[in-house]
Amino acid sequence: MEVEVLSTPKPNWLELPREITMNIFQRLCTLEIVTSASVVCPLWWDICKDPLIWRTIDMVTGITTDMFTDPSQSKSYFEYLSRLEKICRYAVNRSCGHLKDIYIKKFGTFDFLIRIAKSASHLRSIRLEKCYEIPTAEIYEVVKIQPFLEELDIFHCYDYAQTTHLFEFIGQSCPLLKSLKFSPTMEEVDNKSDDGAFAIANTMPMLRHLTILNNGLTNNGLLAILDGCPLLESLDIRGCVHVDLDGSLNERCKQIKELRFPSDSIDHNFINDDLVLDFKMKMHELKRRFLV
């Protein structure tokens, strides 16, 4: 006996209600919206004109430089990063001041982030991942004009070694900060120092999530953070080798719902490989320019 299989008709995506299409678009990364969704048809192009589509600009998801493995590709490498920056600027302009969250990976030059911050006065979240060309001074200028910032993630950017004053300035400028994630390009664990921890404890009482990797803080610094940040729910102190979670300090840390220990593994290989590749690309590009 043959069983008849009823096929379910495929939905006509162009006939979806506008609000559903917008909801779907808001789940895409920015690269997908700009290079794919917005050019499918006039209807989708019109939907993409809505500033609410651009409240979150995600230039981390879908961004890869894996295709560039040889220094001889330096020109194409930097052209790719330049194109990413142009796409990001385009998306920021489309937001018409409604931008809330911005996530950037690998690109961004001097003054780039400041221009974004000035065009969106109510940023909620900023994430910078391996943005080697954005200097520390620019972070100071950005947080100074973003008092509503709640989340700041600085992941392996260059020239962010002097963290004490940076943390203090962030805390004083962003009183609503709930999440701080900081991972330096180079390890800072050679010397013990609780100055950065004290700055966090004294200026960030609303903090709920803290990641501070490869830092020189000791038990005293960690105790100060626990006392100064009573709302803390998650804490990641991987690589903070001067912290000893024994005895009473271990009991204090039980109040933290999610705790990553100093001895927990950090994958350094992909970080170092990526940094070395970026350095080789720059050297090859400079050499190419001088020889032209």
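## A tour from helix α8 onward

Select residues 195-203, helix α8, and residues 219-228, helix α9: the two pack at an angle of about 10°, with axes 8 Å apart. Helices here are DSSP runs (H or I, at least four residues), strands are runs of E of at least two, and both are numbered from the N terminus. Axes are lines fitted to C-alpha atoms, for helices over the stretch in contact, and angles run from 0 to 180 degrees between N-to-C directions. α8 is therefore roughly parallel to α9; angles under 35 degrees count as roughly parallel, over 145 as roughly antiparallel, 65 to 115 as roughly perpendicular and the rest as oblique.

This is a predicted model: local features need pLDDT of at least 70, side-chain atom pairs count only at pLDDT 80 or more, and totals for chains, interfaces and linings use all residues. Residues are numbered from 1 along each chain as its sequence is written, and side-chain values use heavy atoms, leaving out hydrogens and water.

**Stay on α9.** Show Gly221, Leu222, Ala224, Ile225, Leu226 and Gly228: these are buried (under 20% relative accessible area; exposed is over 50%, partly exposed in between; 1.4 Å probe, protein chains only). The buried residues of α9 pack against α8, β6 (209-212), β7 (234-236) and α10 (247-253); contact means heavy atoms within 4.5 Å.

**Step to the loop between β6 and α9.** Asparagine 214 sits there. Its phi is near 50°, positive in a residue other than glycine. Most residues other than glycine have a negative phi. Asparagine 214 is buried, at 5% relative accessible area.

**Jump to lysine 106.** Look in the loop between β2 (101-105) and α5 (112-119). Lysine 106 has a phi near 80°, again positive in a residue other than glycine. Is lysine 106 buried or exposed? Lysine 106 is buried, with a relative accessible area of 6%.

**Next, α6 and α7.** Select residues 136-144 for α6 and 163-173 for α7. They pack at about 15°, with axes 9 Å apart. The two helices are therefore roughly parallel to each other. Display the contact: Thr136, Ile139, Tyr140, Val143 and Lys144 of α6 meet His165, Leu166, Phe169, Ile170 and Ser173 of α7.

**Last stop: cysteines.** Select cysteine 229, buried at 0% relative accessible area. Then pick cysteine 253, also buried, at 4%. How many disulfides does a search of the whole structure find? It finds zero, a disulfide being a pair of cysteine sulfur atoms within 2.5 Å.
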